[in-house]
Amino acid sequence: MLSVALGGVTLPNPIIPASGTFGFGYEMARFYDINRLGAVALKGTTWDARFGNRAPRIAECFGGMLNAIGLQNPGAPAVAAEEMPKLRAVFGGVVIANISGFGIEEYVATARHFDERSDAAILEVNVSCPNVRHGGMAFGVTPEGAASVCRAVKAACKKPVFMKLSPNVTDIADIAAACEAAGADGLSLINTLLGMVIDPASGKPVVSTKMAGFSGPAVKPVALRMVYQVYERVSIPIIGIGGIRTADDVLEMISAGAAAVQIGSQNLVDPWACEKILDDLPVKMAAYGIRDIQSIIGRAHA
């Protein structure tokens, strides 16, 4: 069995393309039937439209990539009115609305906007993006800051709230525990690490923001460690994110404590990444004698 539960929402399988790596979902329907996915996480959305950071804002590097997109999006009203109907025309499954903000009031307004829509089942609140100055990162680096956003969104919304946490902190488990105490229904971790690439010819940083979010295969051991640590501190479900490319990576992340996973940078390398993982996951499970994916959540702790 591949079905999993996230905050009272049942997914047919644990495979979710990560926010920011899959557009608004419908763009990818040209490659394969996206209804096979466990869920789709929308591109990060703020209340107002954002152009994002100036180019260059992508850089490849050994073991992954840097991105400094800066939350480019058309704004919550446009996403709900224009992007969601396009997605619903090709996808009938679970939709996760990914929300960012520059203040608690904006987080609440954007979350409420999606909470009122029937076509978004889960709210993923990003307090961890390192690309926007004075934005979500300011809330996500302390237990008190993350909890304040969580508490405000939970008070305004009825749908499950998953807090997306930053790895660029001293103790992610403390922040996770504070979010659980503030009412979070689940957690998503990790977002990108803060990294840098310098052009050896010019000696200058490659991306316009100088530092940017590092993701890709090289971050998987860090992500596994953090999911493992958080699992031991909380009782709410975790969506594991970071460097996942294969079905074996999925099984590792679930063994560490994740109830589901998000596939991020690999979608940019291979648009068929999620489909390939979905094809291979039952094969790997059979080879390892795993009948039910939920039975192995957190087995690394035994």
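Pro56 is found in the loop between β4 and β5 (58-61), where strands (E, at least two residues), like helices (H or I, at least four residues), are DSSP runs numbered from the N terminus. The peptide bond that joins Ala55 to Pro56 is cis, with omega at about -5 degrees. The model is a predicted one, in which local features need pLDDT of at least 70 and side-chain atom pairs count only at pLDDT 80 or more, whereas totals for chains, interfaces and linings use all residues. Residues are numbered from 1 along each chain as its sequence is written, and side-chain values use heavy atoms, with hydrogens and water left out.

Ile190 belongs to the loop between β10 (186-189) and β11. Positive values of phi were found in Leu71, near 60 degrees, and in Lys210, near 70 degrees; neither residue is glycine. In general, most residues other than glycine have a negative phi, and most peptide bonds are trans. Leu71 is located in the loop between β6 (64-67) and α1 (76-88), and Lys210 in the loop between β11 and β12 (211-215). Leu71 is buried because its relative accessible area is 13%, while Lys210 counts as exposed because its value is 52%.

The strands β3, β14, β13, β10, β9, β8, β7 and β4 form, in this order, an open sheet of 8 strands with parallel pairing; two strands pair if DSSP finds at least two bridges between them. Axes are lines fitted to C-alpha atoms, for helices over the stretch in contact, and angles run from 0 to 180 degrees between N-to-C directions. Within the sheet, strand β8 (residues 122-126) and strand β9 (residues 161-164) run parallel and are joined by 4 bridges. Glu124 has Phe162 of β9 as its bridge partner. Helix α9 (residues 273-287) packs on the sheet and touches β3 and β14 (260-263), contact being defined as heavy atoms within 4.5 Å. The direction of helix α9 makes about 175 degrees with that of β3.

Ile241 is placed in strand β13 (residues 238-241). This residue is buried, since its relative accessible area is 7%. When neighbours within four places in sequence are left aside, Ile241 is in contact with Lys164, Ser188, Leu189, Ile190, Ala223, Met253 and Gln262. The C-alpha atoms of Ile241 and Lys220 are separated by 8.1 Å, and the two residues are 21 residues apart along the chain.

A salt bridge is a side-chain nitrogen of Lys or Arg within 4 Å of a carboxyl oxygen of Asp or Glu, and by this rule the count comes to 9. In one of them, the side chains of Asp249 and Lys220 meet at 2.7 Å, N to O. Asp249 lies in helix α7 (residues 247-256) and Lys220 in helix α6 (residues 220-231), so the pair ties together parts that are 29 residues apart in sequence. Asp249 is buried, with a relative accessible area of 8%, and Lys220 is buried at 14%.

Another salt bridge joins Glu275 and Arg36 (3.6 Å, N to O). Glu275 is in helix α9 and Arg36 in the loop between β3 and β4, so that distant parts of the chain, 239 residues apart, are linked. Arg36 counts as partly exposed because its relative accessibility is 31%. Arg36, Glu275 and Asp279 are linked in a network of salt bridges. A further salt bridge is formed by Arg117 and Asp119, whose closest N and O atoms are 3.1 Å apart. Arg117 is partly exposed at 26% relative accessibility, whereas Asp119 is buried at 13%.

On the surface, Leu194, Met196, Ile198 and Met211 form a nonpolar patch with about 380 Å² of accessible area together. Patches are made of residues with over 30% relative accessible area and no salt bridge; like charges are joined within 9 Å, and nonpolar side chains (Val, Leu, Ile, Met, Phe, Trp, Tyr) within 5 Å. Accessible areas come from the Shrake-Rupley method with a 1.4 Å probe, and for residues only the protein chains shown count as cover. Met196, in strand β11 (residues 193-196), counts as partly exposed at 43% relative accessibility.

How values were computed: Buried < 20%, exposed > 50% of the residue type's maximum accessible area, 1.4 Å probe, protein only.
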